[in-house]
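Student: Could we go through this model together and check how its labels follow from their definitions?
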Amino acid sequence: MWTDKYISKQLLNVHLNPDIDLASRKLKTIQKTANWILDLVQDRGNINILDLGCGPGLYSELFARKNNSVTGVDISKTSIEYAIQSALDKELDINYINANYLELDLERDQYDLVALIYTDFGVLNPTERLTLLNFVHKVLKKGGIFIFDVLKDTKIKTRSTPKTWEAKESGFWNDTPYLALSESFLYEAEKVILYQHNIYDKDDQCQTYRFWTHFFNEEDISKELKQSKFTRTSFRDDILPNGDIWNGDNVLFSIAEK
C-alpha cells in the first residue's frame with residue numbers, strides 16, 4: 001500500500017490532515033510527543049536522530065527545529081518526496097532516505113536517538129522485529145536510546161472489525177470504479193489481528209492488502225529487547241490523550257537504552 005503510486009498519495013493526504021488520528025496522529029499530539037521525546041535527551045545538547053518510518057517528516061521537522069541532526073527513513077517515495085520539499089521550503093537541514101528500514105545499512109554507533117512512532121513495530125513479524133532491533137542497537141551510540149510505541153494487549157477483542165463492503169466510482173483504493181471487501185481475523189492466543197482488504201477493479205481483478213497487527217505488554221517487549229542486548233527499558237502509557245481504543249493508555253511507549 002505504501003509503495004502504490006495512487007494509494008500512497010491518498011495516504012499522504014491523510015498524513016497531512018492535522019485533525020484526525022489516521023496515518024499520523026493529530027498535530028497537537030505529534031507536537032506533544034516530539035517535545036516529550038526531546039525532553040528525554042535535553043541534557044545531551046544537539047544530537048543525531050534517526051526517524052524510522054518518518055512519512056512526510058512531521059516528527060523529523062520538529063526534531064530538526066531544535067537544532068538536532070536528523071535523518072528520516074521511509075519506504076514511501078511519495079512521502080519522502082513531500083518531506084524533502086517541505087524541509088527545503090522551511091529551510092530545515094534534514095537528510096531523507098527512501099528505503100525499507102529493514103534493509104538499511106548504516107554505520108555503527110552514530111545516533112543518540114532512534115525513533116519509530118505510530119505503532120510500526122507491531123506490523124512486523126517476530127523475525128523482522130529482531131532484525132530491526134539488532135539494526136537499531138548497532139547504529140545507536142553507547143547510552144543512546146530507542147523510542148517506539150506499540151498497542152497494548154488489553155481489549156484485543158474490541159479491536160476486531162466487522163465485515164464491510166463498499167462500491168465506489170473512485171476513492172481511497174483506486175481512481176476508477178472498485179468494490180472493496182474488508183474484514184478482520186483475530187488470533188487471540190498469538191495476540192494478533194489480521195485486517196484484510198480485497199479490492200476488485202472494473203475488470204474483476206483483485207488486489208489483496210493484509211495488515212498484521214501485533215499487541216504487546218511490557219513483558220513481551222522486555223523479552224524482545226533483551227535478545228538484542230538493550231540494557232535498560234522503561235515504559236510510559238500516559239503520553240497520548242485519551243480518545244478511542246487506539247489512543248490514551250491503550251498505547252505503550254518503550255524507551256530502550258543501549
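**Helix packing and cores**

Tutor: Gladly! Beyond its neighbours within four places in sequence, Phe253 is in contact (heavy atoms within 4.5 Å) with Arg25, Thr33, Trp36, Ile117, Ile147, Phe148, Asp149, Ser234, Phe235, Arg236, Ile239 and Leu240. This is a predicted model, where local features need pLDDT of at least 70, side-chain atom pairs count only at pLDDT 80 or more, and totals for chains, interfaces and linings use all residues. Residues are numbered from 1 along each chain as its sequence is written, and side-chain values use heavy atoms, with hydrogens and water left out.

Student: Which residues have the most contacts inside the largest nonpolar core?

Tutor: Phe63, Ile147 and Phe253 do, in a core of 34 residues. A nonpolar core is a set of buried (under 20% relative accessible area, 1.4 Å probe, protein chains only) Ala, Val, Leu, Ile, Met, Phe, Trp, Tyr and Cys residues joined through side-chain atoms within 4.5 Å. H2 gives the most to this core, with 5 residues. Another core, of 28 residues, lies apart from it and includes Tyr101 and Phe230.

Student: Why is H2 called oblique to H3?

Tutor: H2 (residues 27-40) and H3 (residues 58-65) pack at about 50°, with axes 10 Å apart. That makes H2 oblique to H3, because angles under 35 degrees count as roughly parallel, over 145 as roughly antiparallel, 65 to 115 as roughly perpendicular and the rest as oblique.

Student: Which residues make the contact of H2 with H3?

Tutor: Ile30, Gln31, Thr33, Ala34, Ile37 and Leu38 of H2 meet Leu58, Tyr59, Leu62 and Phe63 of H3.

Note on methods
Axes are lines fitted to C-alpha atoms, for helices over the stretch in contact, and angles run from 0 to 180 degrees between N-to-C directions. Helices (H or I, at least four residues) and strands (E, at least two) are DSSP runs, numbered from the N terminus. Buried means under 20% relative accessible area, exposed over 50%, partly exposed in between (1.4 Å probe, protein chains only).
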